[in-house]
Amino acid sequence: MTLAELEDYCEAELDEPRRRAAHVWTHMYGDNFLSRSLGGEEEGNGNDGENREFSGRFLDKMSERGVDVGAGLSLASSRTASDGTKKLVFRRDSEGGVGEVETVLIPVQGEGRKSRVTVCVSSQVGCAMGCKFCFTGLMGLEANLTAGEIVEQVVEAKRAQKGTPLPVTNIVYMGMGEPFDNYDEVVKSIRILTQGGKGYTAFSERKITVSTVGLVPEMRRFVAETDAQLAVSLHATTESQRQSIVPQNSKHGLHEIVGALEELFPLGMTSGSHGRHVLIEYVMLRGVNDAEEDAERLAGLLAHVECKVNLIVFNTFEGAPFGPSNVEEVRAFRAILVKSGLVCTVRDSRGDDKMAACGQLGLGKRRRKKV
């Protein structure tokens, strides 16, 4: 629930004052609480039994109605890669719940950057987009997650980092699923995560990035309705090339996507202290889309878009039909983009020894489509 929905529920269903919602909200999301229940009986439910602030009468009403502050996810396992990246695997406990949900905690340390953790959340179980280089895409779509299930991934990440020098400060919707194929629940989850409250450090929308394969109507809605960062998975420089690796291109083609980006993020038309740009994601597939000609075409496609380009070294998996570009090919590709005036970075591969890297989620589900 959003805070407004919780206020309505407290008043209409529990016969409680609307302000009770803020009290519950603090215990659910407050930095010193992150409660799994409101009864104060579970370990980690607060400091020194502070959850006893709730009256027995209120807790009885919650119990009678079967109200649970959780979202129906239970942590099933946790794996940590050699680089410190951690993959959390959740079981869906709700009635009719299908599949497992995977979330990744990515530590960022050193190189002059403030130490922190970015949490990569899933928005679906599986994915319907069928991208040929993505392990999750080969699963097919099994279920959409609710806003609560998306938020619970972040809350569990904050629990995991509580008391450590690495706080969770950034969120990326780059886990399992196509976020804009579950648009309403994704945006609702952002509303919840950015809602301030007593004892609760809300996330800034500018610290939240949502990645899409290019669902153009939802891209337009997202830019109009939120201030969060948009990332677009382009991955190719011609229609035929993109069609071969991103089947969704048949619905929203490369040039339609770029045209929308030119309207939404016109070059030189950013505003605010940091400006607003779109992040372009481009996975480097050896011999497929990593030639110098591809780099030149990409620079041309983005010539009128306020953007940053993020080159992604392909993370391989069993049965993958592609291989990663080598270091020299990635450097040469980047050099062409930088020479054209584009800001371009190379994303580090993180967590690949525990199948926690980009494009590798879904290890527990090996049902695949033919490539």
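Which residue's side chain meets that of Glu7 in a salt bridge? The partner is Arg18, at 3.3 Å from N to O, where a salt bridge is a side-chain nitrogen of Lys or Arg within 4 Å of a carboxyl oxygen of Asp or Glu. The model is predicted, so local features need pLDDT of at least 70 and side-chain atom pairs count only at pLDDT 80 or more, while totals for chains, interfaces and linings use all residues. Residues are numbered from 1 along each chain as its sequence is written, and side-chain values use heavy atoms, with hydrogens and water left out.

- The structure holds 22 salt bridges.
- Because Glu7 lies in helix H1 (residues 3-12) and Arg18 in the loop between H1 and helix H2 (20-29), their pair ties together parts that are 11 residues apart in sequence; helices (H or I, at least four residues) and strands (E, at least two) are DSSP runs, numbered from the N terminus.

- Lys61 in helix H3 (residues 56-64) and Glu16 in the loop between H1 and H2 are 45 residues apart in sequence, and their side chains meet in a salt bridge at 2.6 Å, N to O.
- Arg92 in strand E2 (residues 86-92) and Glu149 in helix H4 (residues 147-161) are 57 residues apart in sequence, and their salt bridge is 3.0 Å, N to O.

**Exposure of the partners**
- Glu149 is buried, at 1% relative accessible area, where buried means under 20%, exposed over 50% and partly exposed in between (1.4 Å probe, protein chains only).
- Arg18 counts as partly exposed at 33% relative accessibility.
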